[in-house]
Amino acid sequence: MSVKSYRAAIREALEHEMQRDPDVVLIGQDLAGGAGGGGEDDAWGGPMAVTKGLVGKFGRERVLDTPVSEAASIGAAVGAAAAGLRPVAELMFCDFIGVCCDQILNQAAKYRYTFGGQDQVPLTIRTTIGAGQQLGSQHSQALYPLFSYFPGLKVVVPATAYDAKGLLATAIRDNDPVIFCEHRLLYRLREDVPDESYTIPFGEARIVEEGGDVTVVALSRMVHVAAEAVRALREDGIDCDLIDPRTTTPLDTDTIFDSVEATGRLVIVDEAGPRCGTASDIAAIVAEEMFNALRAPIRRVTPPYAPVPAAPELERSYVPDASRIIAAVRSVMER
Amino acid sequence: MNEGITPLLMPRWGVDMTEGKVVRWLVVEGAVVHANTELVEVESEKAVAPVEAGAESVLRRRIAPEGVMVPVGGLLGVLAPNGVADADIEAFVQAFAAPKQSVAAMPTQDETVTALGQSLRLLSFGAGDPPLLLAHGFGGDRRGWSLVQSELARQRRVISVDLPGHGDSSKTIASASPEFFRDILLALMDALGLARVHLVGHSWGGVLAMAVAEQAPQRVASLTLIGTAGQETPVEANYIRDFLDAARRAEVKTVLQRLFADPAMVSREMVEQVLRFKRIEAADDALRKIAVMSHEASRRPDPAAAPSVPTQIIAGREDRICPLGENFTPPQGVVLHLLDRVGHMPHLEAPAKVASLINAHVSAASAP
């Protein structure tokens with residue numbers, strides 16, 4: 001056990017899985033460094049510095065640089081997985097899915113189904129999500145609801161270093177394509193993480209806090225923002241259950257249902273937008289299955305239905321903060 | 001002039017405990033109390049439990065009012081026989097300052113020692129040898145003693161260890177046999193330069209402690225077995241299998257609830273801690289090997305056999321994991337303490353009681 005960052009925990013999972021299984025290979029831009037010329041080895045460790053050191057340990061045969069073409073690199077990873085490898089591809093920003101949609105949504109996600117279960121695509125795509133760095137509307141989205149729309153994909157949104165390591169190991173060993181969404185503002189988050197290899201099953205939410213008055217469901221970085229709100233509310237005598245689903249596909253509805261059964265009140269906090277998002281999805285499922293348990297309307301706390309702004313002041317007001325969560329919780333307590 | 005005056009202090013029930021709340025007094029001033037009379041109920045973050053008198057005396061003063069927070073080592077009340085003058089007690093109270101070396105400041109040491117090639121994590125607490133050495137049960141770790149360790153450390157050094165395959169010790173175990181774990185405990189004593197220890201073992205840790213006492217009785221000053229299985233008291237057959245197979249939070253919670261008389265004692269944190277441990281692949285592998293070896297061990301020491309060292313057995317009347325059979329009678333010289341409304345985890349379910357039983361046993365064994 002030692003204190004590790006979210007970034008280091010992800011790197012450790014990659015290293016352990018590469019040691020464990022020679023079929024695990026990394027595919028992405030600048031992972032090995034010096035691609036296409038006489039550049040420096042391992043110059044970056046990938047654009048997010050997550051894979052730093054791995055090319056030195058496993059060599060260029062297993063840490064593969066690609067040209068700056070997501071259509072090519074993700075396509076190659078899907079093909080490698082279909083052909084029997086267990087690739088981990090890096091998609092620098094989830095926003096770039098626009099140029100490799102067919103490879104992911106029509107090929108990887110459909111392969112097992114199309115071939116009647118006789119074939120599989122054991123692919124993991126690591127990608128980054130989230131606003132807060134003034135990177136503009138094309139580099140700041142949280143597109144995991146898009147991935148969860150497609151049956152055939154599994155979708156992971158880890159909020160902590162401990163979860164990131166265990167869930168990535170599960171993702172790599174999974175025989176279906178998994179989209180692993182790393183929030184860029186969490187890379188420096190540090191906590192105690194075991195040094196040994198471990199896995200966390202998909203579809204098991206983490207109960208972050210137990211309160212009993214209101215159920216708060218939050219995802220990815222919003223778990224930390226919601227935790228701040230929950231602490232402040234506790235001072236005022238409102239005790240919340242805080243639930244982090246950890247994976248949006250599969251979704252642990254049982255844990256959410258159990259909590260709502262007791263509280264009758266649900267607030268969902270999502271950094272993805274308000275239309276067709278994860279918050280809307282969970283709200284619909286709970287409304288359908290748990291209507292009789294509800295004592296107040298379900299409230300969603302999301303950004304507005306608008307692109308992510310680049311200006312710092314606008315971006316700050318765009319992303320949900322603790323005060324909006326507190327206001328939503330208070331509003332359901334009044335009913 | 002202070003002869004016979006004993007301060008009643010805020011106990012420390014966990015490594016993290018720095019203060020406690022006085023919930024209510026259970027005894028009036030002037031009452032004659034016995035060693036195990038419960039005087040005052042104290043609430044920490046982790047438990048609400050009574051503080052016992054510890055010796056026969058009279059409760060002369062209730063210092064800390066109900067509802068207030070008192071730091072660990074702070075004065076709750078004063079015990080003294082009726083012969084002691086009120087003025088002396090008043091002087092004692094006036095002179096009482098939070099102890100220079102308060103229990104809160106008692107040295108604790110988290111260290112790693114290598115024994116038989118395995119890295120072992122220990123927590124040492126307090127001072128005074130021969131120390132108490134605490135061996136946890138199957139699937140447990142050193143943190144399981146947190147509610148008793150500091151009370152025990154008032155009298156002597158207390159060492160709790162993560163056995164191989166557990167806690168923060170090596171997860172890859174060289175062997176899974178009881179003999180190996182017995183030798184680990186002996187090698188640990190060698191590594192720490194300890195000629196003798198007072199051994200305390202819970203459940204499987206008790207089996208190991210008995211094996212140490214049988215192998216090297218001269219090195220065991222006393223033995224306390226808590227919820228320990230023997231030939232007369234087999235482990236409930238399905239528990240180990242269910243514990244190993246429980247993969248998800250709800251399953252782990254249900255399994256852990258079988259350990260306690262009151263299932264509400266299984267907290268979310270406890271479930272999370274066990275899940276995190278079990279999910280480490282090397283730990284799961286070690287547990288499965290230990291389970292097989294312990295099951296196959298054809299002969300194991302039995303608490304019903306006459307002991308070679310001073311021995312006491314502490315068991316919960318509602319222990320469903322290692323229930324003492326109807327006909328269980330301890331052998332000559334062994335004291336059996338059966339605790340009401342307690343299951344397989346007396347050191348968590350009745351920590352104050354267990355700490356005082358261990359302290360009393362150790363004191364008796366240490367008497368010339």
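How far apart do the C-alpha centres of domain 1 of chain B and domain 2 of chain B lie? They lie 30 Å apart. Keep in mind that this is a predicted model.

Start with the division of chain B. Domain 1 of chain B covers residues 6–104, and domain 2 of chain B covers residues 108–366. The two domains touch. On one side of the contact are 14 residues of domain 1 of chain B, and on the other are 9 residues of domain 2 of chain B. Look at the side that domain 1 of chain B brings to this contact. Its residues divide into 8 nonpolar, 3 polar and 3 charged.

Now turn to a sheet in chain B. This open sheet has 4 strands, in the order S1-S8-S6-S3, and the pairing is antiparallel. Which strands stand at the edges? They are S1 (6–9) and S3 (32–33) of chain B. Each has a single partner strand, so one side of each is left without a neighbour in the sheet.

Next, follow one pair of strands in chain B. Strand S6 covers residues 57–62, and strand S8 covers residues 75–79. They run antiparallel, and 3 bridges join them. Find Leu59(B) in the structure. Opposite Leu59(B) stands Leu79(B), in S8(B).

A helix comes next. Helix H6 of chain B spans residues 249–257. Which of its residues are buried? In this helix, Arg249(B), Val252(B), Val255(B) and Leu256(B) are buried. Look down the axis of H6(B). The buried residues fall within an arc of 130°, so they line one face of the helix.

Chain A is also divided into domains. Domain 1 of chain A runs over residues 2–193, and domain 2 of chain A over residues 206–333. Their C-alpha centres lie 27 Å apart. The contact between them takes 26 residues from domain 1 of chain A and 25 residues from domain 2 of chain A. Which elements supply the side of domain 1 of chain A that touches domain 2 of chain A? Helix H6 (144–149), strand S6 (154–156), helix H7 (161–173) and strand S7 (178–183) of chain A each give at least two residues to this side. By class, that side of domain 1 of chain A has 15 nonpolar, 9 polar and 2 charged residues.

Finally, see where the chains meet. Here 12 residues of chain A are in contact with 10 residues of chain B. The side of chain A that touches chain B has 6 nonpolar, 3 polar and 3 charged residues.

Methods. Residues numbered from 1 in each chain as written. Chains lettered and ligands numbered in written order. Predicted model: local features only at pLDDT ≥ 70, side-chain atom pairs only at ≥ 80, totals over all residues. Contact = placed C-beta atoms within 7 Å. Nonpolar A, V, L, I, M, F, W, Y, C, P; charged D, E, K, R; others polar. Buried ≥ 20, exposed ≤ 12 C-beta atoms within 10 Å, placed from the backbone. Arc of directions from axis to C-beta. Pairing = 2+ DSSP bridges. Domains from an automatic or database assignment.
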